[in-house]
Structure formats: structure tokens, C-alpha cells
Amino acid sequence: MTEDLDALAKQLDREHVFHSWSAQAGLDLPVIAGGAGTVVWDHAGRRTLDFSSQLVNVNIGHQHPAVVAAIRAQADELATIGPATANLARGRAAQRILGKAPDGFAKVFFTNGGADAIENAIRMARLHTGRDTVLSTYRSYHGNTGAAIVATGDWRRMPNQFARGHVHFFGPYLYRSEFWATTPEEESERALHHLERVIQSEGPSTIAALLLESIPGTAGILLPPPGYLAGVRALADRYGIVLILDEVMAGFGRTGRWFAFQGYDVVPDLITFAKGVNSGYVPVGGVIISDEISATFDDRVFPGGLTYSGHPLAAASIIASIDAMEAEGIVDNARRVGEDAIGPGLRDLAARHPLIGEVRGEGVFWALELVSDRESREPVGADVIGRLKKELTSRGLLPFAADNRIHVVPPCVVTDGEVQEAIAIYDEALTSVEEDGP
């Protein structure tokens, strides 16, 4: 008799794996044994469209042959080396990343992932300015390490507030405006006024950094209104504050650009990245450092480091990923498919499903905000999201859900046909939930 590997995987998972952000009892997680592009499957061969990109990180798709081959070749040559060495793969990976950054950036500090990229960007800003406070928004997620989780604005920071010097403020979100705004321009102007008052009230001379996701991801894919990011840059300049833009989720093709901020007339001082830089094939992240901040540490020790900083397998995967994305037009595909397929498809769903309060996004970075009543904009409860996730999964689509939203975030290599297939599944699942009643 052939062993049921899916059952074995579930058994071992239940017995031995402790999962993040979860109560452990009762978890029933899908089994993924393999994948290619936008599709994953279990050991029995059941096919599922991955419209979560796992944790919105598999930008280049599953098992891209060029990236897999590069990791294999690097492992044959040199599997690991410490950071206190010069390594050609590491240098070339940094060079590739800097080739996508704005002018004025010449150094990359490599980390193990996005959270410790945030940690080290905060450290750099504090040492560069000699100040302590970090401002970030309530609607944000920056990672699960000490300072990163406290910089995060959502509920996950509350049991973890052990880091010092963090203050939160409200960013723009017109659909649920904190500023009684009725237009994007009003929302931008009033949100900037609010931010400046927070800066003034906290004391500009105490503030090291403004930390923002260029486009808040887990918090709702909140596209900045006109002039907002440029206005934040102006406030940072006015008060001598370092501007850190978190591109961990939004970077490397997700928005149809190499960096999300490139669509918003702004250049930060520090850029954090991870996820899409190599689609998570090997854990890696980093900080792209402006020349001015880099020069701070020319003759001064930077008190930070990681055993696996610039790991050669990660470096090889970055080189291959960026080269493949360029050669295959993958970033352009993300932009085009967002404009031509995902956006129109989701807006059509919104016209037919009263559960959808708002559709927003760009590239392969979209959210459906679900409401029990469009007039009051009351968010649906967790039970509705749970039912919808179950309906989507049973129909062969792996969703990404956050609060009262379903995020539509396939790999950048998604095709128009796969988008059409997914839209049909969203349509059926929404219909089923609406018929059962919110």
C-alpha cells in the first residue's frame, strides 16, 4: 500500500510544528508538496492557484528554473561563508540591487529577512542622528523582532512592547478616514498636517526616523494619496529626520515597479527589502543605505551584524532572480496584468457583490475590503472571512486574508488566464457566502 504522504505531513505538522500567529489547537493547514509558477499541489497532485504568493513574497513564482539552478550551482561551489570576507556572489547581489535603486545609494547591508532589515535600519537612523524616537503608523506591519514589532501598528505589537522610543500616528486611508476627508487630496493634506503636529508635539530634536511602508501591505494595501509620500519627505527634511521606506512586501515587482516608492515622487534615506528580492527561495533581506548615512560609518564602527549576512546561497538567488525578472519582463507583466486583468476583474466583482466595500491596488497587489453594509461600511466579522477562506480553498485557490479583507496577491508571473480562473473562484465563493448570509 502506498503511504498517504499528505496525511503524514498533516500528522507531523500537528504533533511537532509550532505555528506563528496562531492558537495551536485545531489548526488544519493545507499541504503543499510542490509548485511551479502560480500553481502549487499536494502529494496527491491536487492543484491550487496560489493567490497569496505564500506570504506575498513568491514574486517570481514557484520553482523558477534559473533561480533553482543558481542556488544549486552556488552550493556546489561554496555553500556558506562568514560575513567578514569578500565574496563575489555577495558583491554581485548588492550590485544588482543597487542597479534598481535611485541615485545616491551605493551600499547594501544584508540581513536574514525583513524584520531584521527594519531593526538595522532603525539602528542606523538612531546612530546617524543621535536621536531616539521612531514614528510609524498604526496601520502597519514591520516584522516580529524587538523594534520591528513595536514599530508595527496593529494588535500584534501589544503583547510585545519591550522596545523603547516608538510613537504611532495615523496615515492616510480615505475609505475609513480619520480626518473627515472626502477626496484623496483632502486626505493627503490633513494626514500630513496630523503628522507634522505629532512631530512638533513629540519634539523634532528627539525623532530619529519616520518609518513607513511605501504601500502598507498587511494593513490593507493602502495606496498613498496624491502628494502624501512627497509631503512626508518634505517634513523629514524640514526637521532633520531620516526617512525609512519599508519595501519588504511592496518591492521587487509587486506593484509593477522595482520599488513601490518609484511611483510616488519620493526618495528615502534608507530602503528595507526582503521577500520579492529572491522570492524567498533562500531567507534574505537587507537595507539599501544612502551615501550620507553610509558615510557616518566610514570611520565609526557599525555595531551590528549577523552570521548569515550576505549568505552566498541567498546572494546567488538574488542575482538569478533579478536577472530573470529583467530578461523575462516579469515586472512589466505585473504592471500590465494589474491594469488589464486583475483590476477590471475585481471591480466587476464589486459591482455584483454587496460584500465588497472597496477594491484597491496596483500591479499584483490588491485588496477586497469586505463589509456587512456598504452604507455604514461595517467590516465583516472573522466568521465571514473564515467561511470565505474555506470556500476559496475548497475551490482550488489559496487566499491571503487579513482582518476584513481578502488580498489578491498572485506571483508577478501570473497570466491573464490564471487571473480569469481566480476571478471565477472569487465570484463563486462570494456568492456562496452571501447566500448563507453575512
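Ala148 is found in helix α6, which spans residues 146–151; helices here are DSSP runs of H or I with at least four residues, strands are runs of E with at least two, and both are numbered from the N terminus. The model is a predicted one, in which local features need pLDDT of at least 70, side-chain atom pairs count only at pLDDT 80 or more, and totals for chains, interfaces and linings use all residues. Residues are numbered from 1 along each chain as its sequence is written, and side-chain values use heavy atoms, with hydrogens and water left out.

With a relative accessible area of 0%, Ala148 is buried (buried means under 20% relative accessible area, exposed over 50%, and partly exposed in between, with a 1.4 Å probe and protein chains only). Apart from neighbours within four places in sequence, Ala148 is in contact with Ala115, Ile118, Glu119, His142 and Gly143, contact being defined as heavy atoms within 4.5 Å. Ala75 lies 73 residues from Ala148 along the chain, and the C-alpha atoms of the two are separated by 32 Å.

## Packing of α11 against α13

Two packed helices are described by the angle between their axes and the distance between the axes. For helix α11 (residues 330–352) and helix α13 (residues 416–436), the axes come within 10 Å and cross at roughly 15°. That makes α11 roughly parallel to α13. Axes are lines fitted to C-alpha atoms, for helices over the stretch in contact, and angles run from 0 to 180 degrees between N-to-C directions. Angles under 35 degrees count as roughly parallel, over 145 as roughly antiparallel, 65 to 115 as roughly perpendicular, and the rest as oblique.

The crossing of α11 and α13 is right-handed; this term applies if the near helix is turned clockwise from the far one by less than a right angle, and left-handed if anticlockwise. On the α11 side, the contact is made by Arg336, Val337, Ala341, Ile342, Gly345, Leu346, Leu349 and Arg352, which meet Asp416, Val419, Ile423, Tyr426, Asp427 and Leu430 of α13. By class, this contact of α11 with α13 comprises nine nonpolar, one polar and four charged residues (Ala, Val, Leu, Ile, Met, Phe, Trp, Tyr, Cys and Pro count as nonpolar, Asp, Glu, Lys and Arg as charged, and the others, Gly among them, as polar).

## Packing of α12 against α13

Helix α12 (residues 382–394) also packs on α13: their axes come within 9 Å and cross at roughly 135°. The arrangement of α12 is therefore oblique to α13, and the crossing is right-handed.

Val384, Arg387, Leu388, Glu391 and Leu392 of α12 meet Ile425, Tyr426, Ala429, Leu430, Ser432, Val433 and Asp436 of α13. The residues of this contact divide into eight nonpolar, one polar and three charged.

## Salt bridges

Side chains of opposite charge can pair when their charged atoms come close. The structure holds 26 salt bridges, each a side-chain nitrogen of Lys or Arg within 4 Å of a carboxyl oxygen of Asp or Glu. One of them joins Asp132 and Arg126 at 3.6 Å, N to O. Asp132 is partly exposed at 25% relative accessibility, whereas Arg126 is buried at 15%.

Glu369 forms a salt bridge with Arg176, the closest N and O atoms being 2.6 Å apart. This pair links distant parts of the chain, with Glu369 in strand β12 (residues 365–373) and Arg176 in the loop between β6 (166–169) and α7 (184–202), 193 residues apart. Glu369 is buried at 0% relative accessible area, while Arg176 is partly exposed at 21%. Glu362 and Arg257 also form a salt bridge, their closest N and O atoms being 2.9 Å apart. Glu362 lies in strand β11 (residues 356–362) and Arg257 in the loop between β8 (242–246) and β9 (270–273), so the pair ties together parts 105 residues apart in sequence. Both Glu362 and Arg257 are buried. Salt bridges with shared partners join Arg176, Glu358, Arg360 and Glu369 into one network.

Most residues other than glycine have a negative phi. Ser53, in helix α2 (residues 53–56), has a positive phi near 50° and is buried at 0% relative accessible area. Phe252 has a positive phi near 55°; this residue is placed in the loop between β8 and β9 and is buried at 0% relative accessibility.

Gly361 is placed in strand β11 and is buried, with a relative accessible area of 15%. Leaving aside neighbours within four places in sequence, Gly361 is in contact with Ile221, Leu223 and Trp366. The C-alpha atoms of Gly361 and Ile342, 19 residues apart along the chain, are separated by 9.3 Å.
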